[in-house]
Amino acid sequence: ATLPWAVQYLKCSKESPVHCRDYEYMGDCWIEREDVIPPTKQKGMGGRAKWHPGNRIHQYKGRAIAVFILDALKEVFTMWNNTTDFELADDVWHVTPLYDDVRSKVENSEGECKK
């Protein structure tokens, strides 16, 4: 089975790094069209360093983060919608007890965080 194009070449084997590099970026300044003739010849994109993972990796990671945030927002808005007069109890949205708990654990630890 073939993977959808959006996820092809995002994680490549060590045997095909050169072939994979051809697909790390998907942006072009200009897409050739028969109905448009640009007044100036278009150049290729620059700034594609070999050490950079490419814009497709950034897009993938950004979408993964967005899904996490959207799921959290959906849960919060559902919880809020199910309340009376849209009032949430203080313990639902105040994070001070959580911060106090984390702070006390760090202060009482013997690890690197103590420094």
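This is a predicted model: local features need pLDDT of at least 70, side-chain atom pairs count only at pLDDT 80 or more; totals for chains, interfaces and linings use all residues.
The mean pLDDT of the protein is 79, and 80% of the residues score at least 70. Helix 2, at residues 55–81, has the highest mean pLDDT among the elements, 90. The lowest mean, 69, belongs to helix 1, at residues 17–21.

Most residues other than glycine have a negative phi. D85 is not a glycine, yet its phi is positive, about 55°. F86 also has a positive phi, near 55°, and is likewise a residue other than glycine. D85 is found in the loop between helix 2 and helix 3 (90–93), and F86 lies in the loop between helix 2 and helix 3. The relative accessible area of D85 is 62%, so this residue counts as exposed.

The count of salt bridges comes to two.

| D100 | R103 | 3.1 Å |

D100 and R103 are three residues apart in helix 4 (residues 96–107), so about one helical turn separates them. D101 and K105 also both lie in helix 4, four residues apart, about one turn of the helix.

How exposed are the partners? D100 is partly exposed, with a relative accessible area of 40%, and R103 is partly exposed at 46%. In the other pair, D101 is partly exposed at 34% relative accessibility, whereas K105 reaches 54% and therefore counts as exposed, the cut-off being over 50%.

How values were computed
Residues are numbered from 1 along each chain as its sequence is written. Side-chain values use heavy atoms; hydrogens and water are left out. pLDDT is the predictor's confidence in each residue, from 0 to 100. Helices (H or I, at least four residues) and strands (E, at least two) are DSSP runs, numbered from the N terminus. Buried means under 20% relative accessible area, exposed over 50%, partly exposed in between (1.4 Å probe, protein chains only). A salt bridge is a side-chain nitrogen of Lys or Arg within 4 Å of a carboxyl oxygen of Asp or Glu.
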